[in-house]
Amino acid sequence: MRNDFRSIRIDTEKCEGRMACMRVCPTQAIRVRGSKATLLNDRCIDCGECVRVCPNHAIIPQTSSFSDFSKFKYTIALPSPVFYSQFGKDVSPSVILNALKKIGFDDAYDVACASESVSIAIQEYLDSNKSPRPLIAPFCPAIVRLVQVRYPNLLDNLIPIESPMEIAAREAKHLKMKELGLKEKEIGCIYITPCPAKTISIKYPPRKKHSFLDGTISISEIYPSLVQVLSKSNGDTIKTDIRGLGLGWPIVGGQVACLKAEDCISIAGLNDVTRIFEEIENGKLKDIQYIECHSCPTACVGGQLTVENPYIARGRVLRVVKKFGSVPCQDRDKIRELYQKNFFSLLGKISPSPVAPLDEDISRAIQKMRQKQEIYDLLPKIDCGACGAPSCQTFAEDSVKDGTSMGECIFISMKKFETLTGNLHDTVLKHSRKVRTT
Amino acid sequence: MDKAFSQIYKIQGGNIYNAGKASTEIKSILKQLGINSFIIRRVAIAAYEAEMNVVMYAKHATMTFEVTPKQINIIVEDEGPGIADVSLAMQEGYSTATPEMREMGFGAGMGLPNIKRNSDSFKIESVVGKGIKLEIKININ
């Protein structure tokens, strides 16, 4: 059932079947049939790469709309720390957080500080837990989904620690419940997100029933109104300073920089992530403790719903870390104590969600694999995509799975046509000779 | 054996660039067949170690991969120096890897024992100066 909702939707009115999405999809989850792209939900990992390339803007990231929040008595915006890198180099995080309160949210709450707490919790987990190495960061929802769909062997390597946005939302809600005497469900926590994948992890958190967050709004949607507020503001800030190494989380290496453990690596971009996952599956990399993993090649500052160029944004994050990162925002011993009380633990299991096999019955699956190979051998193997499948391999797989006709392959059709016209040509020649001799 | 699916992979010795390609393809096939992920992991480790042995030590090899409804069979026949003392090579921690190979993270001396540990049946034949033949069987149920 969870497969029915993905972080993107294809607007078939706008789609002209130009195949950019199909070619870029890292899990071959898109087919183009009758000039329209269709999404194979079971293969999609919510990475959002298709959103970036669609020339018709027909791939719609799923986020909430402001009207969804009218049911709450009190709303709190929780901006991804990426948000702090979107507005000029001299606009500090606390000014940005304050500005969020002027565009309609009742309050705004920093997430970077929770990133610092989570980093301390990860360190504790690494020190005290002997589970199989390397441990994989579960904070990019597309990475978690990639493991569910393609690498179910590695589910136990995903570290069972709550994400900073969840920790922050829980804190924010509890504070306001106490302060204002509200019930939990009367408070809406909205994540200002750099990517559509976060929507999925809020709607269907992989290890628990409900998220502490109630929706997402994209950075790009909120950006214009915030720029307006910022241009009028005279540097008003919220009372508390925003500081700590957690501010560096949205860039490649940001998580590892918060850890004391050695033998940690940071990887970004699905190509490289896949290569590393293949190696772990082969029993390698056991000497690595922790892998920070991002599906976007420039990590979260390069999310599909951001505004600023990811490299400029990265520079700004580094600048902010230099300025505000050296003073921790959390008391290490207090966080350790909370860790002991399972404040950061996620106890639920993540279930595998592999793509359906060629057949549920192994004998029939093997038979279909042979058929697939036979079909594949006939194909041109140039992955032109003209058939509407991203590669000759997927075309062969679709053919045996749901009977896509071989005639869809333009090369096979051409060959047939040539044979046909060739025969016709021979017949005409034969007859014309007969005519001449008589 | 009309109930089997088989593939033959050529592995080039010394070619680190393509190393691991056959095991990656094998994994992909097993996933499409819906084989249990615990079994896939065992096959992955065994196939990868066998492939790496060829890359590190032999000239070239043929890897025959076959899957039946009951079993996965991998036969690797290489042309290379062979192993003089097979029982020694089967000991955990024994390795003839050069310092360069160790630099790259290989040569922990666990290759052959690791393959055996992950197989249900494992056979090795070696002729010094000619090559090695490995026969790996992993049950599906």
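**Entry 1: chain A as a whole**

I began with burial, for which I take a residue as buried if 20 or more other C-beta atoms lie within 10 Å of its own, the C-beta atoms being placed from the backbone. On that count, 47% of the 438 residues of chain A come out as buried. I note here that I am working with a predicted model. For the secondary structure of chain A I find 15 helices and eleven strands, and its C-alpha atoms fill a box of roughly 105 × 50 × 40 Å when I take it along the principal axes. I then looked at contacts in chain A between residues at least 6 apart in sequence, and among these 76% join residues at least 24 apart.

**Entry 2: domains of chain A**

I looked up the domain assignment of chain A, which gives domain 1 as 2-61, domain 2 as 66-340 and domain 3 as 364-432. I then turned to domains 1 and 3 of chain A, whose C-alpha centres lie 25 Å apart, and where I find eight residues of domain 1 in contact with six residues of domain 3. On the side of domain 1 that touches domain 3, the elements giving two or more residues are α1 (20-24) and β2 (30-33) of chain A, and β2(A) gives the most, with three residues.

**Entry 3: a helix pair in chain A**

I next examined helix α4 (residues 112-128) and helix α12 (residues 332-340) of chain A, whose axes come within 9 Å and cross at roughly 65°, and I record the crossing of α4(A) past α12(A) as right-handed. The residues making this contact are A:S117, A:I120, A:A121 and A:E124 from α4(A), with A:R332, A:I335, A:R336 and A:Y339 from α12(A). By class, I find that they divide into four nonpolar, one polar and three charged.

**Entry 4: one residue, A:F277**

Is A:F277 buried or exposed? I find 24 C-beta neighbours inside 10 Å of A:F277, and since the cut-off is 20 or more, this residue counts as buried. A:F277 sits in helix α10 (residues 270-281) of chain A. Setting aside neighbours within four places in sequence, I find A:F277 in contact with A:Y151 and A:L154. I also looked at A:F277 and A:V147, which are 130 residues apart in sequence, yet their C-alpha atoms are 8.6 Å apart in space.

**Entry 5: the helix pair of chain B**

How are α1(B) and α2(B) oriented to each other? Helix α1 (residues 21-32) and helix α2 (residues 37-57) of chain B pack at an angle of about 160°, with their axes 9 Å apart; as angles over 145 degrees count as roughly antiparallel, I assign α1(B) and α2(B) to that class. I record the crossing of α1(B) past α2(B) as right-handed. From α1(B) the contact takes in B:A22, B:S23, B:I26, B:K27, B:L30 and B:K31, and from α2(B) it takes in B:I40, B:V43, B:A44, B:A47, B:Y48 and B:E51. By class, I count eight nonpolar, one polar and three charged residues in this contact.

**Entry 6: chain B against chain A**

Last, I looked at the contact between the two chains, which takes 21 residues from chain B and 17 residues from chain A. On the chain B side, the elements that give two or more residues are α1 and α2, the pair whose packing I described in the previous entry. The side of chain B that touches chain A has, by class, eleven nonpolar, six polar and four charged residues.

Terms used: Residues are numbered from 1 along each chain as its sequence is written. Chains are lettered from A and ligands numbered from 1 in the order in which they are written. This is a predicted model: local features need pLDDT of at least 70, side-chain atom pairs count only at pLDDT 80 or more; totals for chains, interfaces and linings use all residues. Helices (H or I, at least four residues) and strands (E, at least two) are DSSP runs, numbered from the N terminus. A residue is buried if 20 or more other C-beta atoms lie within 10 Å of its own, exposed if 12 or fewer, and partly exposed in between; C-beta atoms are placed from the backbone. Two residues are in contact if their C-beta atoms, placed from the backbone, lie within 7 Å. Axes are lines fitted to C-alpha atoms, for helices over the stretch in contact, and angles run from 0 to 180 degrees between N-to-C directions. A crossing is left-handed if the near helix is turned anticlockwise from the far one by less than a right angle, and right-handed if clockwise. Ala, Val, Leu, Ile, Met, Phe, Trp, Tyr, Cys and Pro count as nonpolar, Asp, Glu, Lys and Arg as charged, and the others, Gly among them, as polar. Angles under 35 degrees count as roughly parallel, over 145 as roughly antiparallel, 65 to 115 as roughly perpendicular and the rest as oblique. Domain bounds come from an automatic or database domain assignment.
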